[in-house]
Amino acid sequence: MAQILVVDDEESIQETFSFFLRKASHNVTTVGSVKDASLALARKRFDIVITDILMPGDMGDTLIEHITAINEPPVVIMVTGKPDLEAMTEMMRRGAYDYLAKPVRKQTLLSTVSRALEHRRLALSAERLARENERYRKHLERLVEKRTQALDMTNRRLMREIEERMAAETLIERQRDLALALSRASTQDETLDAILDSVQALDGVDSSCIHVCVENREGNPLELFTSRNLSPEFSNYYHAITPALPMYHKLMTNQPIHSDETSDEMKTALRSPNPELVAAYKNISIIPVRYNGKTIAALNAGSFDVIPDVSKRALEAVAECLGGVLKRVLICNVFDEYGVPAAGSTEATDFSPLHSWGVWEWDPVTDTFFWSYALCRLLLVTNRTRLTPLADFLDHVQADQAALLRDMLHSMSQPGASPLDECSLTLRDNNGHAFPATFICRGPDAERPFCMGLIIPPDRGVRSSGLRITLLQDNA
């Protein structure tokens, strides 16, 4: 049973078609104009529309445009009293299923309606199937997208785990190599070289250095102790991480610093007295080295481009295991091998004849005699002389000379003393080898309330490494 709309201005045609179609068990609605047909289509769903072409008012062909706009539109069968092949072809191109020429025989009408119904059934079935296919396609796309996202997440997680595992293995390997190198090191320099070799091997690291927390009277700055591949201009400058810099407080509280060219720490460093040292770097990492709950040194790595995260973690891992090692070796370096000032230095005193030398201060209140980096700074000496307490220094001086030396120190510390004095000493190392030296003493003044001075071996060929080793052992 189909719902059929018959549109014809002749009532006899309406009645005839209605009679034939109802006898065939179809529901039939009849109207006499295109306008009434449009109203009927708006109220009810039809399977077939049988419409005359030539009618007063709107022509039947205008109804096709209205019908084709309907969702699941009915099949249109055109009826004409004047068959025109070209006109009928145009109607079918615009959406009509078939046409009938008047007079229409019953059997022709019923068979055409039957074919039209089958056509509509197949068309609707195909349309529904297409919609189902589209819904299924979209469902598959969503499913594939979700599974792809899940797979991507899994892949990223696996890659991250693989990278973390490889990074962990790399860190373990680097720590193993460093531990082996440290076990083979027999001197301070070899120990520091092993540490910096480990840092320089990290990806992205172009230069490195070690700062030591020096206990002095100027706020415990972290002074540069040894370096690798720093700027060529470095030798003309004295360098320290002082309490005036925000990064100092971070390091003292065990906070690693990973700075890039836009960070506050990097900008602060560039405003320091020696901006040439860091101006070329885009990234600098400074990691505190701890011993007994205190920061005793800082491990520094600089990069002209970027330091990868795995290298930063490796740097932190290296620093984490160095506390005891550095505490053991970073208490000597009494004086440097060469006292020749670098080119461009404003040093007024001629140090060029010196091969080994030392700078010192003496505090009469505590009777502490120590090698002074502060005097080096005052004299603009560019070498890396460090502070090392030398309470037993006089043990290396002949007894009669030691008494004279102590008397001279006490005398120079008194008001009205000569501003400068000197004496000759004979120093003896732990191997019993003696060598002469000149001990120069300067009295205290308003800026420096301690006696200070130089120890100068007159012979360029004399080397005092034995004394240095003894002092390291004594202070360890």
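Predicted model: local features only at pLDDT ≥ 70, side-chain atom pairs only at ≥ 80, totals over all residues.
Mentor: Helices (H or I, at least four residues) and strands (E, at least two) are DSSP runs, numbered from the N terminus. By that count, the protein has 13 helices and 17 strands. Residues are numbered from 1 along each chain as its sequence is written, and side-chain values use heavy atoms, with hydrogens and water left out.

Trainee: Where does Phe46 lie?

Mentor: Phe46 is in the loop between helix H2 (34-43) and strand S3 (48-52).

Trainee: Why does Phe46 count as buried?

Mentor: The relative accessibility of Phe46 is 3%. Buried means under 20% relative accessible area, exposed over 50%, and partly exposed in between (1.4 Å probe, protein chains only). The value of 3% is under 20%, so Phe46 is buried.

Trainee: What is Phe46 in contact with?

Mentor: A contact means heavy atoms within 4.5 Å. Leaving aside neighbours within four places in sequence, the contacts of Phe46 include Gln3, Thr29, Pro74 and Arg120. Phe46 and Thr29 are 17 residues apart in sequence, with 9.3 Å from C-alpha to C-alpha.

Trainee: Why is Gln3 called buried?

Mentor: Gln3 has 18% relative accessibility, which is under the limit, so Gln3 counts as buried. Gln3 belongs to strand S1 (residues 3-7). Beyond four places in sequence, Gln3 touches several residues, among them Asn27, Lys44 and Phe46.

Trainee: What makes the link between the side chains of Gln3 and Lys44 a polar contact?

Mentor: A polar contact is a pair of N or O atoms within 3.5 Å; within protein, one must be able to donate a hydrogen and the other to accept it, and residues adjacent in sequence count only if both atoms are side-chain atoms. The Gln3 and Lys44 side chains are joined at 3.0 Å.

Trainee: How many aromatic pairs does a search of the whole structure find?

Mentor: The search finds two aromatic pairs. One of them is Tyr281 with Phe304.

Trainee: Why is the pair of Tyr281 and Phe304 called stacked?

Mentor: Rings of Phe, Tyr and Trp (its six-membered ring) pair if their centres lie within 6.5 Å; planes under 30 degrees apart count as stacked, over 60 as edge-to-face and the rest as tilted. Here the centres are 5.3 Å apart and the planes 5° apart, so the rings pair and are stacked. Tyr281 is in the loop between helix H8 (264-270) and strand S10 (283-291), and Phe304 in the loop between strand S11 (294-303) and helix H9 (309-320), so the pair ties together parts 23 residues apart in sequence. Tyr281 is buried at 8% relative accessibility, whereas Phe304 is partly exposed at 43%.

Trainee: How do you know that the span of helix H1 is close to the one expected?

Mentor: The expected span is 1.5 Å times one less than the number of residues. Helix H1 (residues 11-23) has 13 residues, and its span from first C-alpha to last is 18 Å, against 18 Å expected.

Trainee: Why is Ser198 counted as buried?

Mentor: Ser198 has 9% relative accessibility, under the 20% limit, so Ser198 is buried. Ser198 is found in helix H6 (residues 188-200). Apart from neighbours within four places in sequence, Ser198 is in contact with Arg174, Leu178 and Val318. Val318 is one of the buried residues of H9.

Trainee: Why is Ser418 called partly exposed?

Mentor: Its relative accessibility is 39%, between 20% and 50%, so Ser418 is partly exposed. Ser418 lies in the loop between helix H12 (399-412) and strand S15 (420-428).

Trainee: Which elements have the lowest and the highest mean pLDDT?

Mentor: Helix H13 (residues 465-475) has the lowest, 31, and strand S2 (residues 27-31) the highest, 93. The protein averages 76, and 76% of the residues score at least 70.

Note on methods
pLDDT = per-residue confidence, 0-100.
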